[in-house]
Amino acid sequence: MRRRTAAGPTAWQPHEVVAPPAHPSGETAPRIDARFVPKHVALVMDGNGRWANARGLPRTEGHAAGEQVLLDVVAGAIDLGVSHVSAYAFSTENWKRSPEEVRYLMGFNRDVLRRRRDVMNSWGVRVRWAGRRPRLWRSVIAELEEAEALTAGNTTCTLTMCVNYGGRAEIADAVRTIAAEAAAGRIDPSRISEQTIARHLDEPDMPDVDLFIRTGGEKRASNFLIWQSAYAEFVFLEKAWPDVDRRDLWAAVLEYARRDRRYGGAVDAVGS
């Protein structure tokens, strides 16, 4: 499990929280009974490269176009009362991309955090980081930890930036730590449970994913929060991430609210 450093000089201070600006269209969030609003929304922000290539642009321009989208979608989550948003910013598999794109994504994630953390802080957003340290640029780690420290006391919404993250890697890291504790006699192997594993994940207090949204037309989870998404509702959007805004989140939440979540249970509907 990844170790965190102590908060630095930018540690969180009490401050006035302001509401995000309204959507430029003037549209407002739909009224949804709080019981049917997802607590945790996971975002796979896909289609950036294809969006750019379709416009005769390099793939990196698609990533740049998606920066404002994430900010707007977080604003839309706050509008609805969603308490947790997790964004797949860089996966453990993304190292397979070209060296040029990897370098761009590392610098981009670092700079987005630097540019946007004060806005997130003003909205009362707590920024967290899930992912592995090895191979990740030290400058990216520094910005992630700076954002974590600055926003640590915020309670409006938690945004988890998943950088150098993979669901299988997270589970493997948790199991490795549990095995070491069992070997040291601190855990009884016969008492290891799902709760034991959950306590050793990157963010043990992260609630399970309720709504999993993927853009870009693909229909797979791609190793994102696979433990936490065991009972998530999935919504797949044909739109590429740069074409999305908070209204797409609102539509996905309306779809989520209409679904019947049974968690393995069932009701006999014979004759209905």
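This is a predicted model: local features need pLDDT of at least 70, side-chain atom pairs count only at pLDDT 80 or more; totals for chains, interfaces and linings use all residues.

Me: How do you know that the span of helix α5 agrees with its number of residues?
Reply: Helix α5 covers residues 167-183, which is 17 residues. The expected span is 1.5 Å times one less than the number of residues, and for α5 this gives 24 Å. The end C-alpha atoms of α5 are 24 Å apart, so the span agrees with the expectation.

Me: Which residues of α5 are buried, and what covers them?
Reply: G167, A169, E170, D173, A174, T177 and I178 are the buried residues of α5. Their cover includes β4 (157-165) and α6 (194-199). As background, an α-helix has 3.6 residues a turn, so residues three or four places apart point the same way.

Me: How does the span of helix α7 compare with the expected value?
Reply: Helix α7 (residues 246-258) has 13 residues, for which 18 Å is expected at 1.5 Å a residue. From the first C-alpha to the last, α7 reaches 19 Å, close to that value. Its buried residues are R246, D248, L249, W250, A252, V253 and Y256, and they pack against β1, α2 (59-80), β5 (211-214) and β6.

Me: What makes D46 and N94 a set that gathers at one spot?
Reply: The UniProt annotation "active site", from an unreviewed entry, covers D46 and N94.

Me: Why is D46 called buried?
Reply: Buried means under 20% relative accessible area. D46 has 16% relative accessibility and therefore counts as buried. D46 is found in the loop between β1 (40-44) and α1 (48-54).

Me: Which residues does D46 contact, leaving aside neighbours within four places in sequence?
Reply: D46 is in contact with R214, T215, G216, E218, A240 and W241.

Me: What makes the pairing of D46 and R214 a polar contact?
Reply: A polar contact requires a pair of N or O atoms within 3.5 Å. The side chains of D46 and R214 are joined at 2.9 Å, as a polar contact.

Me: Is N94 buried or exposed?
Reply: The cut-off for buried is under 20%; N94 has 13% relative accessibility and so counts as buried. N94 lies in the loop between β2 (84-91) and α3 (99-122). A polar atom of the N94 side chain lies 2.8 Å from the backbone nitrogen of S91.

Me: Which residues does UniProt list for "binding site"?
Reply: The unreviewed entry lists D46 and E233. Of these residues, D46 is included in the lining of the largest pocket.

Me: Why is E233 called buried?
Reply: The relative accessible area of E233 is 17%, so E233 is buried, the limit being under 20%. E233 lies in strand β6 (residues 233-236). Not counting residues up to four places away in sequence, E233 touches D210, L211, F212, Y256, R259 and R261.

Me: How much space lies in the largest pocket, and which residues are closest to its centre?
Reply: About 650 Å³ of space lies in the largest pocket. Its lining has 29 residues, and M45, N48, H63, Y88 and R97 are the closest to the centre.

Me: Which elements give two or more residues to the lining of the largest pocket?
Reply: These elements are α1, α2, β2 and α3. The largest share of the lining, 5 residues, comes from α2.

Terms used
Residues are numbered from 1 along each chain as its sequence is written. Side-chain values use heavy atoms; hydrogens and water are left out. UniProt positions are given in the numbering used here, feature names are shortened, and annotations may be inferred rather than shown by experiment. Helices (H or I, at least four residues) and strands (E, at least two) are DSSP runs, numbered from the N terminus. Buried means under 20% relative accessible area, exposed over 50%, partly exposed in between (1.4 Å probe, protein chains only). Contact means heavy atoms within 4.5 Å. A polar contact is a pair of N or O atoms within 3.5 Å; within protein, one must be able to donate a hydrogen and the other to accept it, and residues adjacent in sequence count only if both atoms are side-chain atoms. On a 1 Å grid over the protein atoms alone, a cavity is a set of points where a 1.4 Å probe fits but cannot get out, and a pocket is an open set with protein on both sides within 12 Å along at least five of seven lines; lining residues have an atom within 4 Å of a point. Grid points are joined across faces, edges and corners, and a volume is the space filled by probe spheres set on the points.
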